[in-house]
Amino acid sequence: QPDRGRMNDQTLTSSSHEDLGAVALIRRLVAEQGLVHWRKYVIAFTLMAVSAACTALSAYLIGNVINEAYVNKNLTGIFLLGGVTVALFATKGLATYGHSVLLSQIGTRIVADNQRRVFAKLLNEGIGFFSDRHSTEFIARVSAGAAAATQVINLLITSLGRDLLTLIGLVAVMVVKDPLMS
């Protein structure tokens, strides 16, 4: 019978080594790929901030829209706030489209660069290297392996940009709307 306590220690140790490897990989990807495209990433991050701000402002305004419609019964206020809401969502849509296109362009460039690099390495290998492996391994190295770097960087940028900024904006709206409840 295996010692369950020992197995858990090994699992925890293995997991912590994998986490350190993932952090090192992310650092390497950002250093090698992210810094090359930093200008476009800054623009994408700015567009994500605009999108997050629009989300927070729409959450802030929704109470005013309801008050104008049902409490004050002010038709002019409803039209005014409705127009502002439409402008906010249009701005958010354009910002989201913009950062998605930029991230896609950067991703395509990174995939192409990685595929060129992997293909160049494969061309320098000897015949023994190819005879020991199946052709699907080469296809996987050139296609899926090259795309993985883009997915990691885009996930990191999107999580930091859109998600974190939206969270900060919505928490700020909560505090402004009702500091005591927040």
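Is His-99 buried or exposed? Select His-99, which is found in helix α3; its relative accessibility is 3%, so His-99 counts as buried, where buried means under 20% relative accessible area, exposed means over 50% and partly exposed lies in between, with a 1.4 Å probe and protein chains only. Leaving aside neighbours within four places in sequence, His-99 is in contact with Ala-44, Leu-47 and Met-48, a contact being heavy atoms within 4.5 Å.

Before going further, some ground rules. This is a predicted model, in which local features need pLDDT of at least 70 and side-chain atom pairs count only at pLDDT 80 or more, while totals for chains, interfaces and linings use all residues. Residues are numbered from 1 along each chain as its sequence is written, and side-chain values use heavy atoms, with hydrogens and water left out.

**Whole chain**

Now show the whole chain as a cartoon: six helices and zero strands are present, the helices (H or I, at least four residues) and strands (E, at least two) being DSSP runs numbered from the N terminus. Buried residues make up 23% of the 182 residues in the chain. Among contacts between residues at least 6 apart in sequence, 79% join residues at least 24 apart.

Next, colour by pLDDT, the predictor's confidence in each residue on a scale from 0 to 100. The mean for the chain is 84, and 89% of its residues reach 70 or more. Confidence is lowest in helix α1 (residues 4-34), with a mean of 64, and highest in helix α2 (residues 38-71), with a mean of 92. Where pLDDT is low, the predicted coordinates should not be read in detail.

**The nonpolar core**

Which residues make up the largest nonpolar core? Select Leu-29, Tyr-41, Ala-44, Met-48, Leu-102, Leu-103, Ile-106, Ile-110, Ala-149, Ile-153 and Ile-157, 11 residues in all; such a core is a set of buried Ala, Val, Leu, Ile, Met, Phe, Trp, Tyr and Cys residues joined through side-chain atoms within 4.5 Å. The elements that give two or more residues to this core are α2, α3 and α6, and α3 gives the most, with four residues. Within this selection, centre on Ala-149, which touches Leu-29, Ile-110 and Asn-114 when residues up to four places away in sequence are not counted.

**The largest pocket**

The elements that give two or more residues to the lining are α1, α3 (75-123) and α6 (144-177).

Select Ser-58, found in helix α2, which is buried with a relative accessible area of 16%. Not counting residues up to four places away in sequence, Ser-58 touches Leu-88 and Phe-89. Then move to Lys-73, in the loop between α2 and α3; Lys-73 is exposed, with a relative accessible area of 65%, and has a positive phi of about 50° although it is not a glycine.

**Two pairs to end on**

Select Leu-25 in helix α1, which counts as partly exposed at 42% relative accessibility. The C-alpha atoms of Leu-25 and Val-152 are separated by 9.5 Å, with the two residues 127 apart along the chain. Finally, select Ile-168 in helix α6, also partly exposed, at 48% relative accessibility. The C-alpha atoms of Ile-168 and Ala-56, 112 residues apart along the chain, are separated by 8.7 Å.
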